[in-house]
Amino acid sequence: MYERPIYFLFGNTHRSMPDILQVNSGQVNREMNQSVPSPSTPPPPPAPYSHGVRCYPAHLVVFLLGELERRGVPARLALAGSGIGTEEIRVASTRFSVLQMQAVLRNAIAYAPSISLQVGTCFNASACGIFGFALLSSPSRIALLQTVLKYNRLIDPLTTMRYAGSGGWAKWEFEPNLACAPTDPLYQFIIELKMSCFKSMTRDLYGEGFEFNSIRLRFSAPPHACDYMELFNCDIFFEQERNEIVFNEIQTVKQRPEADAITHAMLLELCEQSLQKMTRNATAAGAVQTILLGCAGAFPNIDEIAQELAVNARTLRRRLEAEGTTYSEILSRHRMQLALSYLKTSGLSNNEIAARLGYSDATNFRRAFVSWAGAPPSHYRPSKND
């Protein structure tokens, strides 16, 4: 059997795709001719869930800790700054917030930046709870697509997904919610995590023979690029316009023994209940944090935040006060988390970090950091040099 060579291309290079294979099957033709979500219509934006509310299953944190432990990184270092106790991860019912997951992700990047691909492969349908079983029981390809687009956020607050399939080719686009620059290590880590998770899930749905046709990524090839070749077995292109996975839709048109319309409908009801509960937990603080996570460089003031949220600044202040916080506290926490990331993953000096975070000088930055972290910046540098 001919095996497609795996190679890396840089820049905005495009490869033409072969016409889809013709299959003499009435069922296949009916499936392929069904309408799918319009590529020009993006999925609805996620609700501004509070990034501080513990509402997400523990799987990601547990999988990260397991992989880090195999590499000699103890749990106390993996959980540093997250507010997660080592005993909590042993309780199946524990839920974590986006902020807590982000802290653990940053720690993983600092100690073992290449583990994202391995961690993603730990995810399968059963690890995704009712969402995963809703996917498995989907009675048709269209029902499965709709389930993914609407309910993926139940288990994944890290990425936004968009389906853009056409001409017999499925195209899934991914963009991180917690980082906006492809040069940010967190951006790359999240995309790698999602790609490997997506591969694991599609294998659950369509069998071990399922393969991607190509992967396009916005960032440059990382040092562990060879791991991509082993895991994905497809053409991989870096420095592209978007993060995209492409595969032949003919692979998705098959009878699955788990498919059942009645079970699927029951699971969708549970998914909807979970989504509504998550929406009810949305807070003003979470909405503010969502905006800050997408900011690069200068941070907006509260008036600009309020305008983004379509409320006046007085109303926003009142809502934050009712939640026991202020915009100043949220911004300070966000700055410190960014500082922790810079200290662990870059060679920036304290003066450079201070400038990036909007502090007047390194002294003020150091004072604010010690007040928040309980230790000077030098304590968190891998080289231990301030």
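Mentor: A cavity is a set of points on a 1 Å grid, over the protein atoms alone, where a 1.4 Å probe fits but cannot get out; its lining residues have an atom within 4 Å of a point. This is a predicted model, where local features need pLDDT of at least 70 and side-chain atom pairs pLDDT 80 or more, while totals for chains, interfaces and linings use all residues. Residues are numbered from 1 along each chain as its sequence is written, and side-chain values use heavy atoms, without hydrogens or water.

Searching the whole structure turns up three cavities of 30 Å³ or more. α8 gives the most, four residues.

Now for the largest cavity, at about 290 Å³. It has 23 lining residues, with L144, V148, F198, T202 and L205 closest to its centre. α8 (185-206) is one of the elements supplying at least two residues here, and with seven it again gives the most. The lining splits into 17 nonpolar residues, three polar and three charged (Ala, Val, Leu, Ile, Met, Phe, Trp, Tyr, Cys and Pro are nonpolar, Asp, Glu, Lys and Arg charged, the others polar).

Let's stay with F198, because with a relative accessible area of 11% this residue is buried (under 20%, 1.4 Å probe, protein chains only). Aromatic rings pair if their centres lie within 6.5 Å: planes under 30 degrees apart are stacked, over 60 edge-to-face, the rest tilted. By that rule there are 18 pairs. F198 and F212 have ring centres 6.1 Å apart and planes at 35°, so they are tilted. F198 is in helix α8 and F212 in the loop between α8 and β6 (214-216), so the pair ties together parts 14 residues apart in sequence.

F212 is also buried, at 1%, and forms a stacked pair with F247: 6.2 Å between centres, 25° between planes. F247 belongs to strand β8 (residues 243-248), so this pair ties together parts 35 residues apart in sequence. F198, F212 and F247 are among the members of one aromatic cluster, which also includes W172 and Y228.

How values were computed
On a 1 Å grid over the protein atoms alone, a cavity is a set of points where a 1.4 Å probe fits but cannot get out, and a pocket is an open set with protein on both sides within 12 Å along at least five of seven lines; lining residues have an atom within 4 Å of a point. Grid points are joined across faces, edges and corners, and a volume is the space filled by probe spheres set on the points. Rings of Phe, Tyr and Trp (its six-membered ring) pair if their centres lie within 6.5 Å; planes under 30 degrees apart count as stacked, over 60 as edge-to-face and the rest as tilted. Buried means under 20% relative accessible area, exposed over 50%, partly exposed in between (1.4 Å probe, protein chains only).
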